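Subject: Structure for you to look at

Hello,

Here is the structure I said I would pass on. Please have it open while you read the notes below.

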Amino acid sequence: TMLCALVGVGSFSVAALGAEVSGQVRGAWVDRQVADAGPLAQANLLHAGSARIEPSAATVQAELRVSGNAGPLTLHTVATVQARSLQGGSTTSDGWINEAFASGQALGWEWSAGKKVVSWDVGYGFRPNDMVQQEVRRTLASEALTGKPLLMAEHFDADTAWSLVWVNPLEAQSNTGAKEAALSARVYRRAGAVDWHGFARHGEHTGASVGAAASWVATDALELHASVRAYQHANSLASSKAGADLSATNPWQAIRTGAGQQWLAGGSWTNESQIGMMMEAW
């Protein structure tokens, strides 16, 4: 079982030397209790240490955002540093760059290059048309996403937007999942209370896919959304183990499946007291 308590959140924003600087600090304590039933507990009873047990831990993250202009270009960087203390163990620290990209305008389009977060689709718990970021959704404690290396071109007016993305351009052809090199495109159109989205993607490993999504603000309190995608191939896992006997090695191996579809349908409702409820099926 897991219990997470957010113990502190702070933020700041300043403008210095022509750059805008902002930040946020998050602290959390995650309490873990080892289950005494289930396959992992059985494995540890048969051979102690066969299933890794992660102890409770305290985590503090500091996030820094810096943006500014360098001639015709806009530069944007997001960095995170983290300190983590395990209960009964040592304290470790780490740091990473979430985003670092430059953007500018030419030929009526806005161009971006670097490491950037590009999240598409309309779902909350699942996003079949999140073709660039491929975000792991609904984590226990939210944190800043880490972008993907990409080249991006966008053209938009008051009601329509076009986006073209070459993601992971330098990755090897054998890479799969969120590291797969791919070309992706999206068209967005606002028509009254409905937002329409169309998507297309071609990955080096998974081939072609196409999808569509819509989000409808039906009333002041009710929003409905749906998304669907058909794909040529997908990355999945398959077990090489037959029968119920324990396996000495991990039987799950990465495979590429054939054609299929993904979809979701859901909605959110919020009353006048700002109490909200969200429901989705996929």
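Buried means under 20% relative accessible area, exposed means over 50%, and partly exposed is in between, with a 1.4 Å probe and protein chains only.

Before going further, note that this is a predicted model: local features need pLDDT of at least 70, side-chain atom pairs count only at pLDDT 80 or more, and totals for chains, interfaces and linings use all residues. Residues are numbered from 1 along each chain as its sequence is written, and side-chain values use heavy atoms, with hydrogens and water left out.

Salt bridges

Glu-180 meets the side chain of Arg-201 in a salt bridge, at 3.2 Å from N to O. Arg-201 lies in strand β10 (residues 194-203) and Glu-180 in the loop between β8 (160-167) and β9, so the pair ties together parts 21 residues apart in sequence. Arg-201 is buried as well, with a relative accessible area of 9%. A salt bridge here is a side-chain nitrogen of Lys or Arg within 4 Å of a carboxyl oxygen of Asp or Glu. Side chains of opposite charge can pair when their charged atoms come close.

How many salt bridges does the structure hold? There are 3. Another joins Arg-26 to Glu-63, with the closest N and O atoms 3.2 Å apart. This pair links distant parts of the chain, 37 residues apart: Arg-26 is in strand β2 (residues 19-32) and Glu-63 is in strand β3 (residues 57-70). Glu-63 also forms a salt bridge with Arg-65, where the closest N and O atoms are 2.8 Å apart. Arg-26, Glu-63 and Arg-65 are therefore linked in a network of salt bridges. Are these three residues buried or exposed? Arg-26 is buried at 13% relative accessibility, Glu-63 is buried at 7%, and Arg-65 is partly exposed at 31%.

A buried serine

Ser-184 is in strand β9 (residues 182-191). Ser-184 counts as buried, because its relative accessible area is 4%. Leaving aside neighbours within four places in sequence, Ser-184 is in contact (heavy atoms within 4.5 Å) with several residues, among them Trp-120, Met-131, Val-165 and Arg-201. Arg-201 is the salt-bridge partner of Glu-180 described above.

The surface

Which residues make the nonpolar surface patch of about 470 Å²? They are Trp-216, Leu-222, Leu-224, Trp-269 and Met-277. Patches are made of residues with over 30% relative accessible area and no salt bridge; like charges are joined within 9 Å, and nonpolar side chains (Val, Leu, Ile, Met, Phe, Trp, Tyr) within 5 Å. Trp-216 sits in strand β11 (residues 207-217) and is partly exposed, at 41% relative accessibility.

The chain as a whole

The chain has 1 helix and 16 strands. Helices (H or I, at least four residues) and strands (E, at least two) are DSSP runs, numbered from the N terminus. Of the 282 residues, 30% count as buried. The C-alpha atoms fill a box of roughly 65 × 50 × 50 Å along the principal axes. Among contacts between residues at least 6 apart in sequence, 46% join residues at least 24 apart. The chain exposes about 17400 Å², of which carbon and sulfur atoms supply 59%; accessible areas come from the Shrake-Rupley method with a 1.4 Å probe, and for residues only the protein chains shown count as cover.

Regards
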